[in-house]
Amino acid sequence: MPVQNVVKRYEHNPILSAEDISYPATLIFNAGVAKYQGRYVMVFRNDYGGKEGNAKFEGTNIGLAFSDDGINWQPRKQPWIQWQTDEILRAYDPRITVIDGRCYMCFAVDTRHGVRGGVAVTDDFDKWDVLSLSAPDNRNMVLFPEKLNGKFMRLERPFSNYGRESDHFDLWFADSPDVAYWGNNQLLLASEHVPWANQKIGPGAPPIKTKHGWLTLFHAVNRDDSKELPAWHAHWHATYTAGLMLLDLQQPWKIKAMYKQPFMVPEEPYELEGFRGSVLFPGGLILEPDGQVKIYYGAADTVECLATANVDDLLKLCLES
Ligand code: BMA
């Protein structure tokens, strides 16, 4: 089945944008979504204090929204996390995963000394405890929803510049006995092995478990300096697409199958135009009991969107391409 028939964008996209938020908000995007304690929870990034056409913002915080169906969302009246200290500038791009009944959140942290990947835990979406912060530079972390042999597992995107062409970064695996100490680092997918991208890649949505393996989405960047893409600032040349792959159930640092073409590319007006047009950034996957998969993604770094697919079709795309 062609991929266009497999993925269906929600007809009333976006599902969340700045107009829905009752505190200062400009860009609502790159959210993590999970089902937790009987309802859907969305943890999203908010870049606030800017206006259309202007690339300057006052700050970034992380907000929360809840839903009974994963489609219609009720945002909380106040932002949740605004992390700023002398050293820490902001936390953003949250991803959430429920493991053994607790909700874990990964996020990127800009600091005065590099970008760090953080993992925190919450049980009530009020208090949050930071369990680990990586050495710089690392970000786009996502956790698997189960432990393997007693170890937590994550995908991550360290970004070493030394000896690399600029912005050619890869997707890695790591595991941990306690979420504090991470090791067993393994290169899972190198950027040069993504045929439709010529730059960095990184984890997107936390993996979901299927009978054939861990299904997950990653983002992949293709840069073409000869093309000026719509953006609120000059010289935006990068297209962000979503890739689809299946990881081995017992050895999740190994790719079992990958769809060899981009799985989702920016094509709708809300994906092509905004703060940074042509950016489609996946952050959440939910596997429903009837086999429907809800796909949550940030569009144009401006709004949060939803698409759906059937899990068997997604598996076929991977296994038969
Ligand atoms: C990446 C991250 C994402 C963002 C993307 C496109 O480097 O900062 O938050 O969506 O760039 O601007």
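A pocket here is an open set of grid points where a 1.4 Å probe fits, with protein on both sides within 12 Å along at least five of seven lines; its lining residues have an atom within 4 Å of a point. Keep that in mind for the tour. The model is predicted.

**Stop 1: the second largest pocket**

Select Pro145, Pro207, Ile208, Leu285 and Ile286. Of the 16 lining residues of the second largest pocket, these lie nearest its centre. Now colour E2, E6, strand E14 (201–210) and strand E18 (280–287): each gives two or more residues to this lining. E14 gives the most, with 4 residues. By class, the lining has 12 nonpolar, 1 polar and 3 charged residues. The volume of this pocket is about 330 Å³.

**Stop 2: the largest pocket**

Next, select Arg139, Lys200, Tyr240, Arg276 and Asp301. They lie nearest the centre of the largest pocket, which is lined by 27 residues. Its volume is about 500 Å³. Which classes make up the lining of the largest pocket? There are 11 charged, 10 nonpolar and 6 polar residues. Show E2, E3, strand E6 (88–99), strand E10 (138–143), strand E15 (213–223) and strand E16 (238–247) to see elements that each supply at least two of the lining residues.

**Stop 3**

Select residues 39–48, which form strand E3. Is E3 mostly covered or mostly open? It is mostly covered, with 9 of its 10 residues buried. Pick Phe29 and find Arg45, its bridge partner in E3. Then go to the hairpin of E2 and E3. It has 2 residues between the strands, and Gln37 takes a positive phi near 50°.

E3 and E4 pair in the antiparallel sense over 9 bridges. Click Tyr40, which stands opposite Ser67 in E4.

**Stop 4: the largest nonpolar core**

Select Leu215, Leu244, Phe263, Met264, Ile295 and Tyr297. Of the 30 residues in the largest nonpolar core, these touch the most other members. Elements that each supply at least two core residues include helix H1 (3–6), strand E19 (292–299), strand E20 (303–310) and helix H3 (311–319). H3 gives the most, with 5 residues.

Finish on Leu244. Leaving out residues up to four places away in sequence, Leu244 touches Leu215, Thr216, Leu217, Phe218, Met258, Tyr259, Phe263, Leu314, Leu317 and Cys318.

Methods:
Residues numbered from 1 in each chain as written. Predicted model: local features only at pLDDT ≥ 70, side-chain atom pairs only at ≥ 80, totals over all residues. Heavy atoms only, no water. Buried < 20%, exposed > 50% of the residue type's maximum accessible area, 1.4 Å probe, protein only. Pairing = 2+ DSSP bridges. 1 Å grid on protein atoms, 1.4 Å probe; cavity = no way out; pocket = protein on both sides within 12 Å on 5 of 7 lines; lining within 4 Å. Points joined across faces, edges and corners; volume = space filled by probe spheres on them. Nonpolar A, V, L, I, M, F, W, Y, C, P; charged D, E, K, R; others polar. Core = buried A, V, L, I, M, F, W, Y, C linked by side-chain atoms within 4.5 Å. Contact = heavy atoms within 4.5 Å.
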